Amino acid sequence: KERKVLYSGMQATGKLTIGNYIGALKNWVNLHEEYDCFFGVMDLHSLTVRQNPTEFRQNARRIYTQYVAAGLDPKKNCIYFQSHVPAHAELGWVLDCFTYMGELNRMTQFKDKSAKHADNINAGLFTYPALMAADILLYQSDLVPIGADQKQHLEICRDVAERFNNIYGDVFTIPEGYFPKTGARIMSLAEPTKKMSKSDENTNATIYLVDDRDTIIRKFKKAVTDSDAEVRYDTENKPGVSNLMEIYGVVTGKSMDEIAKEFDGKGYGDFKLAVGESVADMLDPFHQRCAELEKDKTFIDECIKENAEKASYFANKTLRKVHKKLGL
Ligand code: ADP
Ligand code: NA
């Protein structure tokens, strides 16, 4: 392996949010030149929730296009659909057999998601981390840039890989997480103690990458703050304002101190408008690029096909090694 390998992905459902962008996609773009990168549209993971097939397919494709529009190069990076590479499901099963119930029971995401989908707490939701471990380990990944919410899952991945290696020798590279210094956890605009998520039903509390300027500004204007009218970073006592500061900081490159100074003596109205405008400005070129890519369907079709083959090549190499070790 000449260069280090970077792996990341997002679920193929829902509309990507600025949380996904700031916490993940933006960092991928910053790192993609230095690593051999694999970026998955994780459609198998999406099956833990019932999907409408037509919408699901369109949605997954839109996410693929958004990866490219954000600046990932599908000719240099391997951008692919998880379901196009059967090795994910195969290694996922193997790793199910190396992951303990006790470990999975500790996952806060499982607890959160089963509370939300009480009518469909399926086995896939429970073993999700084992499939995620397979995603990462198949490519002998060194680095996994993710938001803070995925930290627990990455720890399971590392533990399972080490467990396997201890029995069978050096089969898997043990991956490291990469967490952004700021923006690892963008919060809901309505409930700033809860992370912004594409599966949140409150669409007004969530900024989607497809939102236009007016929608973005309108949503920021309604963002929950507090009653003391002071732009100061204090996540404990001022979660709403701190979240907006963090978003503004990531988008403009300004520090929390600089932002506090900029809005010293001004009201929250001015502050929220500035945050909204900065996000809209950031997304302008992205929207243009999405529109161009949507016009040229064959380019994306070609990339999807080429990259499925490329990903399969690397994934199958690891899978063969695993089979051999196991006696399959
Ligand atoms: P979601 O949680 O929005 O459904 P995924 O689970 O598909 O999205 O996560 C895709 C990536 O985006 C992961 O790396 C995740 O950590 C990151 N991410 C998701 N939401 C946020 C957020 N609010 N802030 C920062 N990063 C986030
Ligand atoms: Na998530």
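Before the ligand, one convention on residue classes: Ala, Val, Leu, Ile, Met, Phe, Trp, Tyr, Cys and Pro count as nonpolar, Asp, Glu, Lys and Arg count as charged, and the others, Gly among them, count as polar. Also, please keep in mind that this is a predicted model.

Now the ligand. The shell around ligand 1 holds 21 residues, and the closest are Gln 11, Gly 19, Gly 23, Ile 146 and Gly 147. Two elements give two or more residues to that shell: strand E1, residues 5-11, and helix H1, residues 18-31. Which element gives the most to the shell around ligand 1? That is H1, with five residues. By class, the shell around ligand 1 splits into ten polar, seven nonpolar and four charged residues.

Next, a single residue. Glu 55 sits in helix H2, which covers residues 53-69. Is Glu 55 buried or exposed? Glu 55 has 10 other C-beta atoms within 10 Å, so Glu 55 is exposed. In sequence, Glu 55 and Thr 13 are 42 residues apart; in space, their C-alpha atoms are 8.9 Å apart.

Now the helix pairs. Two packed helices are described by the angle between their axes and the distance between the axes.

The pair H6 and H7 comes up here. H6 runs over residues 123-137 and H7 over residues 151-168; their axes come within 9 Å and cross at roughly 70°. Angles of 65 to 115 degrees count as roughly perpendicular, so H6 is roughly perpendicular to H7. The crossing of H6 with H7 is right-handed. On the H6 side, the residues in the contact are Pro 129, Met 132, Ala 133, Ile 136 and Leu 137, and they meet His 153, Ile 156, Cys 157, Val 160 and Ala 161 of H7. That contact has nine nonpolar residues, one polar and no charged.

The other pair is H3, residues 87-96, with H12, residues 297-326; the axes are 10 Å apart and the packing angle is about 30°. Angles under 35 degrees count as roughly parallel, and H3 and H12 are therefore roughly parallel to each other. Their crossing is left-handed. H3 brings Ala 87, Glu 90, Leu 91 and Val 94 to the contact, while H12 brings Ser 312, Ala 315, Asn 316, Leu 319 and Val 322. By class, the contact of H3 with H12 has six nonpolar, two polar and one charged residues.

That is what I had.

Note on methods. Residues are numbered from 1 along each chain as its sequence is written. Chains are lettered from A and ligands numbered from 1 in the order in which they are written. This is a predicted model: local features need pLDDT of at least 70, side-chain atom pairs count only at pLDDT 80 or more; totals for chains, interfaces and linings use all residues. A residue is near a molecule or strand if its C-beta atom, placed from the backbone, lies within 6 Å of it. Helices (H or I, at least four residues) and strands (E, at least two) are DSSP runs, numbered from the N terminus. A residue is buried if 20 or more other C-beta atoms lie within 10 Å of its own, exposed if 12 or fewer, and partly exposed in between; C-beta atoms are placed from the backbone. Axes are lines fitted to C-alpha atoms, for helices over the stretch in contact, and angles run from 0 to 180 degrees between N-to-C directions. Angles under 35 degrees count as roughly parallel, over 145 as roughly antiparallel, 65 to 115 as roughly perpendicular and the rest as oblique. A crossing is left-handed if the near helix is turned anticlockwise from the far one by less than a right angle, and right-handed if clockwise. Two residues are in contact if their C-beta atoms, placed from the backbone, lie within 7 Å.
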